[in-house]
Amino acid sequence: MTVPGFIKSSQASTDAAPGALPEWEERRTYMLKCNLLPPLPALDARRLLLQRGMRSAALLCMSLLVAAVGWGENKPSPTPNMFAPTSTPAQQEYVMSLFVLAITGGILLVVGGIWAYVVWKFREKEPTETEPAQIYGSPQVELAWTIIPVILVVVLFLTTARMIFAIQDNPKPKNAIDVTVVGHQFWWEFRYPKYGVVIANELHVPMSTKERPQPTFMKLQSADVWHSFWVPQLAGKVDSIPDHVNEMWIDPHVPGLYVGQCGQFCGVEHAKMLLRVYVDTPDEFQRWITRQQQPAVEQQGDAQGSQSVPVNAGGLQPASFEQAQQASPQAVPAQAPGEASMNQVAVGKQVFQTNACMNCHAVQGTVANGRFGPDLTHFGSRETLGSGIVANNVSNLKAWIRNPSDLKEGALMPPMQLTETQLEQVSLYLTSLK
Amino acid sequence: MADASLPIGSLDLTPDRAAEGTFREWLHGWVITVDHKRLGILYVLYSLFFLIVGGTEAMIIRLQLAQPNSHFVSPEVYNRMFTMHGTTMVFLVGMPILFGFANYLVPLMIGARDMAFPRLNALSFWLTAFGGIMLYYSFIGGFGLYGQGSAPDVGWFAYAPLTTRTYSQGHAVDFWALSLFVTGWGTLGTAINIVATTISMRCKGMTMMRLPLFCWLMLCVSALTLIAITPLTAAQVMLELDRYLGAHFFDAQAGGSALIWAHFFWIFGHPEVYILVLPAFAIANEIIPVFSRKAMFGYPAMVAASVGIVFISVGVWAHHMFTVGMTSAANAFFTLSTMIIAVPTGIKIFNWLATMWGGKLRFATPMLFCTAFVFQFLISGLTGIMLSASPWDWQLHNSYFVVAHFHYVLVGSIVFNIFAALYYWYPKVSGRMMDEKLGKLHFWLFLIGFHLTFDFMHVPGILGMPRWIYTYEPSRGWGTWNLIVSIGGIFQAIAVAIFLYNMVYSALHGEEAGPDPWDAWTLEWATASPPPEYNFAVEPVVSSRRPLWDLKHPDDPDWKYE
Amino acid sequence: MSTITVPVVAHELEQPWHLPNKGKVGMICLIIGESAIFAMFVLAYLFYIGKSQWGPQPREVLEIPIISSICLLSSSLTIWLSEQAVEHGQIQKFNAWLGATIALGLIFLGYTGAEWYKLIYHDGLTLQTNLFGTTFYSLVGLHASHVIIGLIMLITLWLFGMTGHITAKNSERIQTLALYWHFVDAVWVVVFLVVYVIGR
Ligand code: HEA
Ligand code: HEA
Ligand code: CUA
Ligand SMILES: [Cu+2]
């Protein structure tokens with residue numbers, strides 16, 4: 001029950017992958033406005049050397065750890081390796097981690113070395129009666145090993161503090177993409193207030209290029225309990241808490257699919273609250289967002305209209321979203337259902353709307369406007385279902401609707417008790433919502 | 001002066017077996033006892049029992065995670081397992097066993113006949129015991145054993161609002177809160193007792209600067225306990241007010257805050273980890289000098305460092321909360337305060353190494369465990385420093401790297417030192433030596449198991465594996481690492497089983513130990529093994545930190561140098 | 001090997017050796033621990049000031065309990081006087097001052113009871129009403145429960161005194177108990193400031 005291949009259909013990564021590091025440096029220009037961040041020198045030979053040096057020091061000292069994970073390439077991977085970052089905050093955190101690793105690795109070498117020496121040198125070779133010389137202390141030596149750690153701590157702290165301010169207080173550029181992330185018990189809701197789009201589980205963001213840096217800024221909220229948004233290759237995690245709105249940002253520069261998952265224990269299915277972030281090229285993103293802005297369209301092309309019931313945007317909806325929704329001209333005149341020409345899809349829609357589905361799920365442009373479960377408006381365009389646990393195809397979908405707990409024990413969607421034909425019809429309907 | 005310091009007290013060792021009676025009398029004797037030694041033993045046995053229980057839960061966790069997409073246990077059961085494992089290990093193993101040692105040893109080491117408040121001592125133990133039983137009753141309560149009853153399943157930190165009535169129906173959370181509330185009072189009682197004992201019950205000549213470091217550290221721990229356990233008690237009262245009387249402390253709908261629970265929990269939770277580790281230091285402070293045949297290097301600095309750790313540790317709690325969205329200034333502050341702990345802790349490591357330097361290291365089993373502890377604690381401290389660098393912690397938080405960090409301390413430092421202590425003081429308590437061969441086997445197996453488990457656990461953390469997941473996908477590439485980790489767990493289980501066997505075997509067949517088998521220097525070795533109920537024949541009077549050293553080396557006594 | 005030598009160092013024997021009273025040390029520890037409990041409730045109170053979304057606000061319903069505060073605080077004085085009395089063996093006086101302390105404590109409790117009655121039945125404020133109710137009743141209630149425990153102990157002591165079981169020898173234990181009562185009073189100062197001054 002896994003998602004076959006974490007490969008994005010349209011891989012445009014080839015043009016950006018090799019030069020990822022230097023480009024990233026330059027794309028950070030807007031950050032330099034923040035006076036707390038001293039301009040990191042451009043990635044010249046010296047800096048590269050320094051980085052290499054630190055990396056090899058770290059490798060040496062924590063050979064196991066770094067050797068095991070340090071080979072991660074800076075490109076999308078099914079293993080969310082935090083040492084293979086492809087986006088600015090993750091990249092900065094990585095550089096910092098190398099620095100900390102180098103210092104702690106050095107301490108480990110020195111102190112661990114002394115330990116090994118002492119254990120070897122002073123072991124009692126054969127038992128004797130005489131006691132060794134008794135030494136009670138030495139102020140000078142003790143002072144030395146108080147002061148050296150103090151200095152190391154100061155160095156570590158200053159570096160860390162610089163990075164905290166650089167990442168956390170990074171000003172938001174005007175063209176940034178805004179996304180509101182809402183954690184729900186075991187799935188994610190994403191809203192693009194500027195575009196009036198609500199989607200679930202699969203986040204799309206544009207790649208930020210050298211010519212046109214365009215980071216994504218996220219506001220994190222929670223509809224129920226405590227969750228945490230974590231896609232290691234893109235950024236460190238930030239929690240989504242019910243009584244508190246958090247912010248984070250990413251600045252991805254390699255397109256592709258990134259995986260992550262919820263980072264805070266949130267109940268039975270915390271393990272299956274996966275995250276998928278698609279970094280699209282700007283053009284792709286534009287096309288994608290335009291399509292998401294359309295109301296639900298069943299692809300089978302039948303003249304199936306939608307009811308022009310005003311969409312009730314649930315309590316958490318940001319204002320700008322509602323405006324966008326009202327302004328949208330897509331509302332098509334109602335058409336009474338029950339016509340003879342209905343194909344399977346149409347019947348499926350009927351089933352969807354006459355069962356409890358619509359109490360929990362919304363399909364924009366139809367009567368279904370429930371907010372408890374994921375928005376299904378463009379469900380057919382998603383690659384996975386159940387927040388990334390299985391591939392989105394008709395058979396999986398049928399299994400899901402038959403009994404969600406078969407795939408995800410403890411999911412908050414009840415088994416819907418549909419007949420097999422109804423299952424088939426609903427599944428066809430939902431997958432048709434491209 | 002030298003002649004004036006001759007030892008004069010002595011104790012007749014004629015065995016006193018008259019006290020033996022029927023089984024009922026024997027049992028009754030243990031239940032109503034107020035003797036600090038018996039209570040200490042009860043504490044230790046209680047904790048060892050729960051070590052097996054908690055360890056079994058850990059093995060269930062490891063079995064489940066050994067492979068991706070495993071169906072060994074359901075998610076509900078898994079969540080109960082790690083919650084109960086963490087809660088058990090911290091509250092029913094770590095704290096009671098360390099208080100058990102304190103109970104047994106502090107009065108002996110300071111030359112007292114008992115704790116300051118013997119009856120409070122008994123009350124505290126039975127409260128702790130009742131709390132533990134209540135926690136485990138939760139498996140049977142509710143829907144019985146099969147469905148695991150209402151065992152808590154919200155993590156040992158029980159973050160709100162998952163614990164509110166809305167998201168946790170039934171009584172699981174109540175079992176967690178109320179049983180820890182009960183053990184909390186037991187702990188408070190013991191802490192009060194230890195402070196009062198060390199301050200007011202010292203024998204003549206035992207000034208504060210002559211106090212064995214073990215007692216100093218226990219004093220620090222108990223003082224820290226006073227101000228660290230009580231916040232948890234308060235938070236649990238609030239939680240129960242929310243759950244049963246409809247209050248709104250953590251109810252987001254009414255304006256209550258989930259964050260404040262996190263703050264309250266970690267205001268307790270962080271000092272708690274030092275409450276666990278300081279007694280481990282205390283043990284090392286006794287064992288390392290004796291087996292290096294040298295006096296502790298830099299005693300005053302050790303005392304100062306411990307007191308320093310106590311004070312700093314109450315100001316660092318939010319390093320568990322770097323990802324909750326604090327301001328950058330707050331993040332920087334807690335990064336700094338956390339890193340500062342490295343300084344006093346470093347002093348300790350260096351002083352231990354300096355004590356060993358130039359000594360004659362005798363690697364008996366207790367010393368083996370302590371030596372490994374020094375190195376492992378170094379590594380775990382350094383991973384702690386990595387976590388305290390908040391930008392990196394944004395990545396590492398709640399990943400298996402954190403799990404590796406804290407097991408490195410909790411197992412690699414604390415459990416190692418607990419074993420060291422059990423080997424070291426076993427002869428005093430039972431009158432017989434533990435078997436050295438089995439002891440060495442235990443040590444090496446446990447060492448291998450420990451490193452297989454917890455060294456390799458860092459890697460999936462770096463590879464983005466979060467905690468608390470009962471399953472993961474094969475494509476994530478975490479499978480191999482988890483398999484190695486699980487195999488290490490099996491080694492540990494075998495090692496612990498050998499240890500348990502050794503304890504029972506040696507109690508029956510062990511070599512007679514005599515009063516002072518390790519040629520040690522503190523007062524507990526100046527009485528019989530096991531000590532008589534009144535501890536000492538005459539009340540000791542001391543003039544240095546190592547009274548028995550002075551006794552054994554009258555020409556070169558310590559008090560000339562201190 | 002049948003004897004063990006216990007070190008008894010002669011030159012230390014002559015030194016004077018005074019250790020603090022264990023009861024007092026224990027009580028101080030208890031007080032430190034309890035202070036941390038109160039600190040949490042005080043923090044919660046401060047944190048939630050002004051965050052109640054509905055229901056009565058402190059300013060609308062709370063009246064400053066001046067008389068009861070005076071009673072409670074002066075009970076610290078009376079118990080101190082009773083400590084003095086017992087130290088000098090004046091059991092009669094001791095009983096009188098202790099009785100006064102108990103009376104003052106009871107008056108305080110009575111006022112609290114009246115306050116709660118008014119809040120619950122007149123203003124409709126309960127623990128469940130809003131955050132103010134939650135934090136108010138839990139903080140003030142926590143303090144009141146300590147007053148009750150203290151009063152139970154004082155009354156027991158007073159009964160001992162009245163039946164002639166108290167002598168000057170007991171004075172150290174009585175001081176220990178009095179320490180607790182002083183603590184209860186000191187906490188009231190904090191609670192008063194937080195609830196009736198800052199929070200209002
Ligand atoms: C007994 C237990 C114990 C001990 C002693 C420590 C010690 C330390 N811990 Fe650990 N920690 C835990 C138990 C412990 N921890 C637990 C249980 C958790 C997780 C709880 C949960 O989430 O469930 C945790 C989590 C935890 C976190 C939060 C991680 C997260 O959730 O994101 C952090 C972050 O800062 C941290 C840091 C530290 C530091 C800096 C120390 C320091 O005290 C270490 C100091 C020691 C040294 C540094 C080594 C010796 C020093 C020198 C040789 C001097 C030279 C060194 C330098 C100058 C650096 N710990
Ligand atoms: C003192 C504390 C302590 C100790 C000693 C341990 C010991 C161990 N822990 Fe524990 N652990 C915690 C404290 C501790 N842990 C805490 C606080 C948490 C966090 C909980 C939370 O998140 O809520 C945690 C969480 C935790 C997790 C993470 C679960 C998750 O987040 O999903 C894991 C996973 O591997 C784990 C494993 C282990 C293992 C393998 C051991 C081994 O060292 C255990 C070895 C001992 C034994 C095996 C016992 C011997 C038994 C016998 C001899 C009987 C025979 C039994 C069998 C053969 C099964 N622990
Ligand atoms: Cu959501 Cu874990
Ligand atoms: Cu901590």
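Donors are N, O and S atoms within 2.8 Å of the metal. In this predicted model, three histidines of chain B meet that cut-off for the copper ion (ligand 4): His270(B) through ND1, His319(B) through NE2 and His320(B) through NE2. Their distances from the ion run from 1.8 to 2.1 Å. Along the chain, the donors follow the spacing H-x48-H-H. His270(B) lies in helix H7 (residues 258-292) of chain B, while His320(B) sits in the loop between helix H8 (299-313) and helix H9 (328-340), so the pair ties together parts that are 50 residues apart in sequence. His270(B) is buried, with a relative accessible area of 3%. His320(B) is partly exposed, at 22%. The copper ion (ligand 4) is 4.5 Å from the iron atom of ligand 1.

Ligand 1 lies between chains A and B. It has 32 residues around it, and those that come nearest are Trp156(B), Tyr274(B), Asp393(B), His397(B) and His405(B). By class, this shell holds 20 nonpolar, 10 polar and two charged residues. Helix H5 (139-168) of chain A supplies at least two residues of the shell. So does each of four helices of chain B: H7, H10 (342-356), H11 (365-388) and H13 (400-430). H11(B) gives the most, with seven residues.

Polar contacts to oxygen atoms of ligand 1 come from side chains and from backbone. A polar side-chain atom of Asp393(B) lies 2.5 Å from an oxygen atom of the ligand. For His397(B), a polar side-chain atom is 2.6 Å from a ligand oxygen. Ser388(B) instead places a backbone N or O atom 3.2 Å from an oxygen atom of ligand 1.

Notes: Residues are numbered from 1 along each chain as its sequence is written. Chains are lettered from A and ligands numbered from 1 in the order in which they are written. This is a predicted model: local features need pLDDT of at least 70, side-chain atom pairs count only at pLDDT 80 or more; totals for chains, interfaces and linings use all residues. Side-chain values use heavy atoms; hydrogens and water are left out. Donors are N, O and S atoms within 2.8 Å of the metal (3.2 Å for Na, K and Ca); water is not among the atoms, so sites may look incomplete. Buried means under 20% relative accessible area, exposed over 50%, partly exposed in between (1.4 Å probe, protein chains only). A residue is near a molecule or strand if one of its heavy atoms lies within 4 Å of it. A polar contact is a pair of N or O atoms within 3.5 Å; within protein, one must be able to donate a hydrogen and the other to accept it, and residues adjacent in sequence count only if both atoms are side-chain atoms. Ala, Val, Leu, Ile, Met, Phe, Trp, Tyr, Cys and Pro count as nonpolar, Asp, Glu, Lys and Arg as charged, and the others, Gly among them, as polar.
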